[in-house]
Amino acid sequence: MTATATATVSRPRRRSGARDLPGPVWAVLSAVLAVGGYQLTIILGVLPAAYFPSVGEIGSTLVSMASGADLWRAAADTMISALVGLAVASVLAIVAGAVIGSNDLAYRSVRAVVEFLRPIPSVALVPLVVLAYGTGREAALFLVAFACFWPMLVQTVYGIRDLDRTALETARSFRTGRLRTFTRVVIPSASPYILTGLRIAFSISLVLAITAELVIGMPGLGRQITVAQESGDLPTMYALIIVTGMLGYVCNGAVAAAERRLLSWHASQRGER
């Protein structure tokens, strides 16, 4: 009797709906909605057609550019500036953050300086950077590294100061060496913070690389946008802007995928928070 009653009281089946659609489907729907909204505003005259080309013009220009080498060469120049600057900033920030975060005296000594320097926009340093490094790639690398250094430093410091004390005391009780404790306990415990900082800095690196190309005139997508704007080639200008957005979207997705893989053991990636 009890078994029969249990069998008849089944859990209500959850209805599948729009919420169950996979992420890529939502991405396509969002893109279609944005493109349709843009075209509709042109048709209704909300956006002047003289300055805003149609979706068809931009799309055909984008396809034509994708078949040539100039677009890929410019994208490669932009990515080199972004990735090298980000790598330099990451190494310096993780080392400095580990030192500052593990020493309370160092943390209190530099906290005010960090809070003063961190809000300074890298673009404000362009005149100084041009004087010091000229208009070559070194200037762009400095701007990217300066902007990426601060979020990486802050996240590393917070990660080091929020260490799992139980794991740290356990390592000490087993008389584990400092280097082994640092690589096996400190870095894994702080890695969620560090990877979050890396994800933030990655977007910043791309923005600063393109900004340097726009302002300084270095080869890359930013310079191509300026050339298209100055020559009045608006479809090409909009197509290049879309390329920068697509580049950022792909890079952000790659970093997020790497974060999920590297932190598969962490509660934040298992949906436990």
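Residues 24 or more positions apart make up 71% of the chain's contacts (heavy atoms within 4.5 Å) that have a separation of 6 or more. Keep in mind that this is a predicted model: local features need pLDDT of at least 70, side-chain atom pairs count only at pLDDT 80 or more, and totals for chains, interfaces and linings use all residues. Numbering starts from 1 along each chain as its sequence is written, and side-chain values use heavy atoms, with hydrogens and water left out.

**Overall build**
- You're looking at 11 helices and zero strands, where helices (H or I, at least four residues) and strands (E, at least two) are DSSP runs numbered from the N terminus.
- The radius of gyration, taken over C-alpha atoms, is 25 Å, well over the 19 Å that the globule rule (2.2 Å times the number of residues to the power 0.38) gives for 273 residues, so the chain is more spread out than a compact globule.
- Along its principal axes, the C-alpha trace spans about 75 × 70 × 30 Å.

**Burial**
- Of the 273 residues, 34% are buried, meaning under 20% relative accessible area with a 1.4 Å probe, protein chains only.

**A closer look at Glu213**
- Glu213 sits in helix H9, which covers residues 178–216.
- A polar atom of the Glu213 side chain lies 2.8 Å from the backbone nitrogen of Gly222.
- Leaving out residues up to four places away in sequence, Glu213 touches several residues, including Asp77, Thr78 and Gly222.

How values were computed
A polar contact is a pair of N or O atoms within 3.5 Å; within protein, one must be able to donate a hydrogen and the other to accept it, and residues adjacent in sequence count only if both atoms are side-chain atoms. Buried means under 20% relative accessible area, exposed over 50%, partly exposed in between (1.4 Å probe, protein chains only).
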